[in-house]
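Come and read along with me.

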Amino acid sequence: MGAPLLADSSMAPGTVDIQAARRHLGEMLQIRSASPWLRLGSAAEVRDSLEFLNTGPGQVPGLIVMSLGDEAGGLVALFNATLEPQGFTVEKRQYELHPIQQASGDPVMRDARYDAGKGEFHVPPRTTAVFVYGQ
C-alpha cells in the first residue's frame with residue numbers, strides 16, 4: 001500500500017479546483033434549500049419518506065440510490081462513487097434532473113439523465129445527481 005493520496009504534493013488543489021468545489025457546494029446548498037424533502041423536521045418524517053433503492057445481492061457497488069418523497073412528489077438522489085458511469089432502473093415516473101443541476105456550471109452534469117422509456121437513471125462517474133418528480 002502506497003502513501004496516502006493527500007501526501008502527494010502534486011495533487012494539491014489549485015485556484016480553479018477550489019473555485020469549482022465552491023460552486024458545486026453552492027449548488028448542493030441551493031438544492032437543499034429548494035427541496036422540502038431535504039429539510040424534513042423530524043426523524044419520524046425521514047423514516048416515513050426515505051428509502052434506499054440499491055440494496056441486496058444485486059446492488060451496484062459504489063452507487064447509493066436514495067428516494068425521499070411520496071406518491072405526489074419527491075426526489076431520487078444518486079451518489080456514484082465509482083470511476084465509471086452507472087445506470088440504475090427504478091419504477092417509471094416522470095423524473096427530471098433538478099433544475100439547479102440542469103443549469104450547473106459543471107459540464108459533467110450534462111451527462112446525468114433519466115430515460116423514461118426504460119425507467120433508468122444514468123449518472124456520470126464520481127457524481128451526485130438529484131432527480132425530482134411531481135414538482
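Here are my entries, in the order I made them.

**Ground rules.** I am working with a predicted model, where local features need pLDDT of at least 70, side-chain atom pairs count only at pLDDT 80 or more, and totals for chains, interfaces and linings use all residues. Residues are numbered from 1 along each chain as its sequence is written, and side-chain values use heavy atoms, with hydrogens and water left out.

**Confidence.** I looked up pLDDT, the predictor's confidence in each residue from 0 to 100. The protein chain averages 92, and 98% of the residues score at least 70. I then went through the elements, which are DSSP runs numbered from the N terminus (helices: H or I, at least four residues; strands: E, at least two).

I found an open sheet of five strands in the order 1-2-3-8-5, with antiparallel pairing. Its edge strands, strand 1 (50-52) and strand 5, each pair on one side only. Two strands count as paired if DSSP finds at least two bridges between them; strand 2 and strand 3 have seven, in the antiparallel sense. Isoleucine 64 stands opposite phenylalanine 79 in strand 3.

**Salt bridge.** I searched for a side-chain nitrogen of Lys or Arg within 4 Å of a carboxyl oxygen of Asp or Glu. Which residues form a salt bridge? Glutamate 71 pairs with arginine 93, their closest N and O atoms being 3.7 Å apart. The two residues lie 22 residues apart, in distant parts of the chain.
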